[in-house]
Amino acid sequence: MPLEKGAGTIPVNNPMPHQGKPIFMLALLACVSGLAVLARPATPRADLTVWVFAEDEAETFRQAPPDGGISLIQRFAKSTGSSVQVDLIAQRALDARLMSLFMSDDPTADTPDLVEIDMASVGKYFRPPTGDVGLLPLNGFLADSKEMENILPSRLAPWSKGGLIFGLPRDVHPVTLTYRKDLFDQAGVDLEAARTWPEFQEKCLQFQRYWSEHGSPGRMALELFTTQSEELLLMLMQQQVNLVDERNRIELADPKVAQTLAFYAQLVAGPRRIAADTIPGTAFGYRDLADGNVCAMLTPDWRAAYLKQYAPELAGKVRMMPLPVFDQTDAPTSTWGGTMIGIPRRARNPGASWKLLEFLCLSPEGLEARRRYSEIIPPLKNRWNDAVYQSGDPFFGGQPIDRLYIELAGQIPTRYVTPISINAQAALSVVLNRAVGYVNEHGQENLQGVCAGWLAEAAAQVRQWVSYGDFDR
Amino acid sequence: MTRRRAPYLFLSPLLVVLAVFFFWPLYQSLVLSFHTTAGPHTRRFVGLANYRFLIGHDRLFWLAVANTVVYTAALVLIQVPASLGLAMLLNQRDLRFKHSLRFCFFSTYLIGQVFVAVIFFALLGPRRGAMNEALGYIAGRPVDAGWLTRPNLALPAVLLAGLWMSIGYGMIYFLAALQMVDASLYEAAALDGAGRWSAFWNVTLPAVRHVLVFLVIVGTIGGFQLFELPYVLMQGPGPNYRALTIVMYLYSTAFDRGDLGYSAAIGWLLVLLLGGVCLAQLKAMGALEEE
């Protein structure tokens, strides 16, 4: 259809018909909403603010006991007159916010009075020279506290730099081995008789042979990561080897690392393989244990809690044992993960922050509340004899697993975390992958020697990182 | 005078926003890349040392570059022809349900990278993953191809997810271009004795060339900026860092290691790399001459 004359053109006398109104309306809307935001009354800030990323931690602090009474923070407010606000923030968001707070040096910033930090994140906060670390050293407060002597000393190491303690540990996380007793019994294998890792591997091979002949050829004895080095690190720590020590000395080239790496690689690859990855994701791995795809896994106390949550049908079918060792001098346990609570250096009132920290983490009320929402063993040795930790656990066939954890807690190796730990662990993962590839292609011949060469290369690279980014020089 | 000033007046709010939230931070990030930082009081000027260490010593950076380049090249080389082929198929007059089919193919683009990663995690996951289940059904025994755990399969798994998401997106652009082609050109080509291939080469391809250039450039930029898809699908850098991309490495350097200066240097190298690649592509495709 032909267009009418003039249609689609702008009349000469009115070059912008009606264009002003929408723009005016938009500007008006912007002004009104801006004013509304500015005029909004500010939310009154509590006297003390706590940032946490773990939901059970937030519940511990916020929730009233089920039998009535008031929450921990209300109790603190009642006794001191200081109101407390607990903010639950996703871990990555908390990390990013905290880092920008520490970097900005803005005195007006909304700094929390207490903050929870994960072990995987804490290294970067120790990059500055000790005096510039964004957290307040707690040594003075701890010296005055009667609880200092009760805290497991090895648990303070990950949160310390240059002798200064920057956080109170919330856990010990000793590592045990949980296995499917029903399936091992069916195969006629007594796994707990294995004292060393090589004996353990033999038992597992025997187990796999049985199930291969009885209709489950894909059933693996153990869960181990085939591409990440976290569980390899646990085995190294059993032998008191940290990839990086508290003085940033690189231990990657230690002969024990090559030896353990070579052993680990043939656990996850090649003809003597006994271990496989579980499905990534928090819940899936436990489903693999429930389905019998893997029949044992390394279990710090936090993993035991997840196991009950995600694989409830395993009740009565699983048992727990200490870790096998490489040598009689090794620890029959290790330590996996952890969190701390610290006081930011710019907290409004460090004295009040410490009082709250002491109440939440070290007081009997705080520990009792913690136990309500988490089965994690506390780092306070004097609490380990409490009745709550002595009873049998029906999920584990009545085995008193807390007592086992507590027996092992005193033996956990010291774990150091420095800014360079993350680089060293990345380098170890790369070498692990090369070793697994080597076992798949060439078997075990000369594996340890080859690994030693790769580790020396990796150590040299990590040393370059140390020399490049070290602020303490 | 007022009419001459009016455009600047209307542009000024955007220019102010750009200056404050884009150009100023961009300048600051450039300055930051010449420093190494740790904490509020520790900011040490290191000149080009961040760049020198990155280029000369940092193997993980180069691994990330290699992964990103391989992913981007494979994505563009597969996505663009596949999108064009799909568009040509769905542009046929006598095809039934073509509107529904077009929506189906395009819909994969609407759901976002994180959700695509979750879907592919369910498809490619060990044991219970649909792909392994299907392979196991065919093989008659349990199969675990290790899509997410074998180093050699990590990048192909990410690529598969990327292609699933982006082919439909490219198809829509090609479809729009194909519908603009004058049908008489095909009639003239047929009269001149041109076969299907000759008509495609001499009529279709020149007609959709501008879309092709656009998709190659957009695909390259998207490939170099890859982050969420492998980050969620692999839950990290993947086995042996084979799914580590430049942006993932930048993020990890800034927020896992806390080295913002170094991470800014990675960002600026990415800008240079991406700018260079896009310029080379535009030149190779003759798009600059047209301008």
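**Salt bridges in chain A**

Guide: In this predicted model, A:Asp245 and A:Arg249 form a salt bridge whose closest N and O atoms are 2.6 Å apart. The two partners may be described by their accessibility. A:Asp245 has a relative accessibility of 6% and therefore counts as buried, whereas A:Arg249, at 45%, counts as partly exposed. Salt bridges with shared partners also occur: A:Glu57, A:Arg170 and A:Arg370 are joined by them into one network.

A further pair consists of A:Arg155 and A:Asp171, which form a salt bridge with a separation of 3.0 Å between the closest N and O atoms. This pair links distant parts of the chain, 16 residues apart. A:Arg155 lies in the loop between α6 (139-144) and β4 (160-161) of chain A, and A:Asp171 in the loop between β6 (168-169) and β7 (175-180) of chain A. The relative accessible area of A:Arg155 is 1%, so this residue is buried. A:Asp171 likewise counts as buried, because its relative accessibility is 1%; the cut-off for that class is a value under 20%.

The side chains of A:Asp95 and A:Lys124 also meet in a salt bridge, at 2.9 Å from N to O. A:Asp95 belongs to helix α4 (residues 91-104) of chain A and A:Lys124 to helix α5 (residues 119-125) of chain A, so the pair ties together parts that are 29 residues apart in sequence. With a relative accessibility of 9%, A:Asp95 counts as buried. A:Lys124 is buried as well, its relative accessible area being 6%. As to the general principle, side chains of opposite charge can pair when their charged atoms come close. Over all chains, a search of the whole structure finds 24 salt bridges, among them the pair A:Asp95 and A:Lys124.

A helix contact in chain B may be set beside these pairs. Helix α5 (residues 113-124) of chain B packs against helix α7 (residues 151-179) of chain B at an angle of about 125 degrees, and their axes are 10 Å apart. α5(B) and α7(B) are therefore oblique to each other, and α5(B) passes α7(B) in a right-handed crossing. From α5(B), the contact is made by B:Gln113, B:Val116, B:Ile119, B:Phe120 and B:Leu124; from α7(B), by B:Ala157, B:Leu160, B:Ala161, B:Trp164 and B:Met165. By class, the contact of α5(B) with α7(B) has 9 nonpolar residues, 1 polar residue and no charged residues.

Methods:
Residues numbered from 1 in each chain as written. Chains lettered and ligands numbered in written order. Predicted model: local features only at pLDDT ≥ 70, side-chain atom pairs only at ≥ 80, totals over all residues. Heavy atoms only, no water. Salt bridge = Lys/Arg side-chain N within 4 Å of Asp/Glu carboxyl O. Helix = DSSP H or I, 4+ residues; strand = E, 2+ residues; numbered from the N terminus. Buried < 20%, exposed > 50% of the residue type's maximum accessible area, 1.4 Å probe, protein only. Axes fitted to C-alpha atoms, helices over the stretch in contact; angles between N-to-C directions. Parallel < 35°, antiparallel > 145°, perpendicular 65-115°, else oblique. Left-handed = near helix turned anticlockwise from the far one by under 90°. Contact = heavy atoms within 4.5 Å. Nonpolar A, V, L, I, M, F, W, Y, C, P; charged D, E, K, R; others polar.
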